[in-house]
Amino acid sequence: MKTPSLPKIAAAVCCLCLANFVLASDDADSVVTAVFSRSFNNYERPVRSDGSPEVQTYVVAKGGYTPGLGSDPSMDDVKFAGIVRVLGKYLAKQGYYPAKDARKADLMLVVHWGKTVPGNQGTQQNILDEGVRGFEAFQRLGNGIGGKPGAADPRDDVPPTAATFGEKQAQDQVEAAVTEAAQEEMVQGTYEIRFSQDMRIAADTYNANLLGYTAELKRRDNPSLYGGAGTAYYDLLADVESERYYVSVTAYDFQEAVQHKQKKGLWRTVTSIDARGNRFDESLTAMVDKASHYFGRDSERLVRQFDYTPHVSFGDLKVLGVVDGEPSPRK
């Protein structure tokens with residue numbers, strides 16, 4: 001039997017791989033990157049005579065870091081200097097450069113980053129659970145003695161004697177104590193449920209403002225929600241109530257601060273991405289890239305961009321045969 005040559009074997013392997021390689025784009029995960037940018041104090045970026053943006057210089061200040069609910073190695077390993085390096089690359093593409101002389105900088109850029117704390121998790125959920133348990137206790141106590149509250153006592157039809165009178169009086173005292181305990185459980189349960197709801201609303205409000213979702217949520221919260229207009233509002237709410245990585249850059253007039261001691265905000269751009277299934281260190285560059293197109297200008301509305309992560313799948317390996325690697329003789 002003739003042994004196949006090396007070129008033939010290699011060709012057979014290539015055919016095998018090509019035949020079974022599948023790019024499963026239909027099953028790709030969609031990742032939503034959100035960007036919101038807003039200008040303040042009637043700011044408009046200076047332009048040259050030809051209409052192109054004028055170069056501006058900046059200094060950078062560390063605004064703050066939010067670690068989220070727990071330890072996250074993908075954020076812990078990213079230092080402020082690393083974030084500044086990534087930002088600097090994309091700021092330069094938009095005509096913003098570090099000032100050679102800090103005293104003459106046009107802008108002071110304050111950077112915040114981290115992970116949001118959802119309003120429907122952690123302490124808030126525990127308080128809500130306690131409130132629900134309080135109502136369950138109220139129901140048990142309210143129905144535990146003498147049947148349902150307000151039910152007739154069959155002893156009322158029995159002529160009173162000293163024994164029955166004393167027995168009924170003691171029973172009434174017990175029922176009164178149980179009723180009071182049930183009412184206390186109900187009041188406490190009501191308070192805890194309301195408190196947990198207030199905490200959730202407060203957290204949602206804070207996160208919506210932080211991520212730039214507030215105006216878009218208000219815009220989507222209209223009667224069309226009940227007319228089959230889609231799930232846009234609930235998608236936004238789900239973002240706000242999920243852990244999201246974010247990076248925020250706020251620009252201040254540096255000369256105004258130096259000369260007049262006034263803190264004058266000019267623009268703020270924030271970008272965020274769902275923390276579930278992602279890593280901050282791996283997502284940082286893509287987040288800043290998308291945000292950079294809005295540095296120094298107003299995005300007008302929240303921009304939510306869908307990115308698809310394809311999966312590569314190999315089917316069952318099958319040998320299709322050996323391909324002759326030698327050239328065919330010409331006729």
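**Close-up views of a predicted model**

H5 supplies six residues to the lining of the second largest pocket, the largest share. This is a predicted model, where local features need pLDDT of at least 70, side-chain atom pairs count only at pLDDT 80 or more, and totals for chains, interfaces and linings use all residues. Residues are numbered from 1 along each chain as its sequence is written, and side-chain values use heavy atoms, with hydrogens and water left out.

**View 1. The second largest pocket has a volume of about 250 Å³.** Its lining has 13 residues, and Asp204, Thr205, Ala208, Leu217 and Leu237 lie nearest its centre. Helix H5 (162-211), helix H6 (214-220) and helix H7 (232-240) each give at least two lining residues. Helices (H or I, at least four residues) and strands (E, at least two) are DSSP runs, numbered from the N terminus. By class, five lining residues are nonpolar, three polar and five charged. Ala, Val, Leu, Ile, Met, Phe, Trp, Tyr, Cys and Pro count as nonpolar, Asp, Glu, Lys and Arg as charged, and the others, Gly among them, as polar. On a 1 Å grid over the protein atoms alone, a pocket is an open set of points with protein on both sides within 12 Å along at least five of seven lines; a cavity is a set where a 1.4 Å probe fits but cannot get out; lining residues have an atom within 4 Å of a point.

**View 2. The largest cavity has a volume of about 40 Å³.** Leu87, Val247, Ser248, Val249, Thr269, Val270, Thr271, Val288, Ala291 and Phe295 form its lining. Strand S5 (244-253), strand S6 (265-274) and H9 each give two or more of these residues. Seven are nonpolar, three polar and none charged.

**View 3. The second largest cavity holds about 40 Å³ of space.** Among its lining residues are Tyr58, Leu87, Leu109 and Val249. H3 gives the most, with four residues. Eight lining residues are nonpolar, one is polar and none is charged.

**View 4. Helix H3 (residues 80-93) and helix H9 (residues 280-292) have axes that come within 9 Å and cross at roughly 30°.** Axes are lines fitted to C-alpha atoms, for helices over the stretch in contact, and angles run from 0 to 180 degrees between N-to-C directions. H3 and H9 are therefore roughly parallel to each other, a term for angles under 35 degrees. Ile83, Val86, Leu87 and Tyr90 in H3 meet H9 residues including Phe280, Leu284 and Val288. Contact means heavy atoms within 4.5 Å. The contact residues divide into seven nonpolar, two polar and one charged.

Methods: Angles under 35 degrees count as roughly parallel, over 145 as roughly antiparallel, 65 to 115 as roughly perpendicular and the rest as oblique. Grid points are joined across faces, edges and corners, and a volume is the space filled by probe spheres set on the points.
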